[in-house]
Amino acid sequence: MKSFYTLPLLLLLSMLTTKSYSQASSKTGSVADVAFIQGHWKATTSQGQTIEGVWLQPEGENILGFMRMMKGGKPDLYEILAYEQSEKGLVSMVKHFKPGLIGLEEKEKSDRYVFVEASKDRAIFQKEGEGLRILYEKRSPNQFVIARGIKEGEKWLFTDLFVFNRIAK
């Protein structure tokens, strides 16, 4: 009779443990939450600026990406983006450079964004110390968007910054 109750009890404990783990990881995020951005992408803004971005495949709990922004056929800005798993969770770090690799942030500084939430092909980060959120969203197999979010009242409203299309291999 004891074994009759032991198996359901073990199954219940297993489900509770699994649920707790998935809830914890969803609050802190993981590199898997942004893996959908991997690839070679290109966008054109309404002002005619072209942005080309490449994000490498996840490896060792990180993803590295870079973007080249061109205006009038000349480089305007470069960005290096690193998504790393930290002890507090997933963090996105961004450094900006003018042509000539002249850094816009101080040497030891970067813009830091903490993970907020994710769902399939969608992840949101918030800039540390600011009320700015960045949304990464894959809208189709060949399109993904980076959008800027600001809070209005109780809601976050996102506006597309860059609408990227996949560059064929």
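Tutor: Read along the sequence, the protein chain follows the pattern α-β-β-β-β-β-β-β-β-β-β-β, where helices (H or I, at least four residues) and strands (E, at least two) are DSSP runs numbered from the N terminus. This is a predicted model, in which local features need pLDDT of at least 70, side-chain atom pairs count only at pLDDT 80 or more, and totals for chains, interfaces and linings use all residues. Residues are numbered from 1 along each chain as its sequence is written, and side-chain values use heavy atoms, with hydrogens and water left out.

Student: Where is R122 found?

Tutor: R122 lies in strand β8, residues 122-127.

Student: Why is R122 classed as partly exposed?

Tutor: Because its relative accessible area is 25%; buried means under 20%, exposed over 50%, and partly exposed in between (1.4 Å probe, protein chains only).

Student: Which residues is R122 in contact with, leaving aside its neighbours within four places in sequence?

Tutor: They are D33, F36, E117, L135, Y136 and E137, contact meaning heavy atoms within 4.5 Å. As for K138, its C-alpha is 6.4 Å from that of R122, although the two are 16 residues apart in sequence.

Student: Changing topic, what percentage of the 169 residues counts as buried?

Tutor: The buried share is 33%.

Student: And which strand holds I80?

Tutor: I80 belongs to strand β4, residues 74-86. I80 is partly exposed, because its relative accessible area is 41%.
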